[in-house]
Amino acid sequence: MHTASLHNLVDVEGPFISLFLDVGDHVDLRWRAMRDQLQAMAADPYLVALAHKAITSGVTPRGLAGRGLIVGGGQVLVDRYVPVPPAGYTARSGPLPYVLPLIDLSEPLLPHVVVQVGEHGADLRGVDPTGRPVAVASVGARRPGRRLDAAELADVAEEATALVDRLGAPLLVLAGPPAGRQSLRVALPTRYHHLVVEVEGSPDRAVLHLAGRANQDARRVVVERFRDESTRLTGRAVHGLEAVGRELEAGRVETLLLTDTLVGSREVDGGRADEVLPLRAVECEAEIMLVGGAVRLHEDVGALLRE
């Protein structure tokens, strides 16, 4: 994950509360349990009140089911919806923000366009790499109760390809009844046909599957580079809490590698390793990548250094 969007966390003094939850349904019950947990931690009541206002007044965008909130310095610093909700929920109060779950949930999606085709119209949605809808449009038949004719399908195709071009999207998802999908596919210019994926069910699941494959490819490239650098004498690959912490503090890290969420009992400079190291990566604008078990790292942490 690119960390530039989290840079507003760097100069804010704590305390912070960090929340990650499923907002697909039963948000009120989930938030009640999280608020009780925060109160048991003696979290700042004003920060809890800010989080309460944000959660209870928020409307979940279509196609997104998870949400991450970081509150500190008297304001909501991060409020991000993500496509995949966390398993369970996380509520944490402390002197530093806890960004690691956001890294886990916010692996970049493929920019894409979804067209839900119906008998009498089509709904279009353009989505950027963060999972955020950047454009939503509806195109209907000009005469109510009539099916889309050839000219109207051409309008839908024009709207869809304009969104693809705007986003630089490598994926155009057509959803809906087979006849409608096929008619729209025929209406699309030939040069866009290789981007098309047709789906029967939820288009969001198809996108997440394809995006997951893309993320695996990106992860594989980083892991192979780390292994390659580790066998050389360039010194551009290090691992272990002490070595990586030192390089992060010096601003020399290009990519921070973590095998998983770091064990909270581990400490770096008197703070929780799972808070200190990711925040230092944000400070030096390093990327953060969770590599799972793809490579063995001493103390679950490694780094690729800038050249």
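Trainee: What percentage of the residues in the protein are buried?
Mentor: Buried residues make up 48% of the 307 residues. Buried means under 20% relative accessible area, exposed means over 50%, and partly exposed lies in between, with a 1.4 Å probe and protein chains only. One caution before we go on. This is a predicted model: local features need pLDDT of at least 70, side-chain atom pairs count only at pLDDT 80 or more, and totals for chains, interfaces and linings use all residues. Residues are numbered from 1 along each chain as its sequence is written, and side-chain values use heavy atoms, leaving out hydrogens and water.

Trainee: How many helices and strands are there in the protein?
Mentor: Eight helices and 15 strands. Both are DSSP runs, numbered from the N terminus: helices are H or I with at least four residues, strands are E with at least two.

Trainee: Why is His26 called exposed?
Mentor: Its relative accessible area is 52%. The cut-off for exposed is over 50%, so His26 qualifies. His26 sits in the loop between S1 and helix H1 (27-40).

Trainee: What makes the phi of His26 worth a remark?
Mentor: The phi is positive, about 50°, although His26 is not a glycine. Glu285 is another non-glycine with a positive phi, about 55°. Glu285 lies in the loop between helix H8 (273-283) and strand S14 (287-290).

Trainee: Which peptide bond is cis?
Mentor: The one from Gly14 to Pro15, with omega near 10°. Pro15 is in the segment before strand S1 (16-22).

Trainee: Why do Glu198 and Arg181 count as a salt bridge?
Mentor: A salt bridge needs a side-chain nitrogen of Lys or Arg within 4 Å of a carboxyl oxygen of Asp or Glu. Here the N to O distance is 2.9 Å, so the pair passes. Glu198 is in strand S9 (residues 196-199) and Arg181 in helix H5 (residues 178-187), so the bridge ties together parts 17 residues apart in sequence.

Trainee: Which of the two is buried, and which is partly exposed?
Mentor: Arg181 has a relative accessible area of 6%, so it is buried. Glu198 is at 27%, so it is partly exposed.

Trainee: Which residues do salt bridges with shared partners join into one network?
Mentor: Arg92, Arg272, Asp274 and Glu275. A search of the whole structure finds 13 salt bridges.

Trainee: What share of the contacts joins residues at least 24 apart?
Mentor: It is 68%, among contacts between residues at least 6 apart in sequence. Contact means heavy atoms within 4.5 Å.
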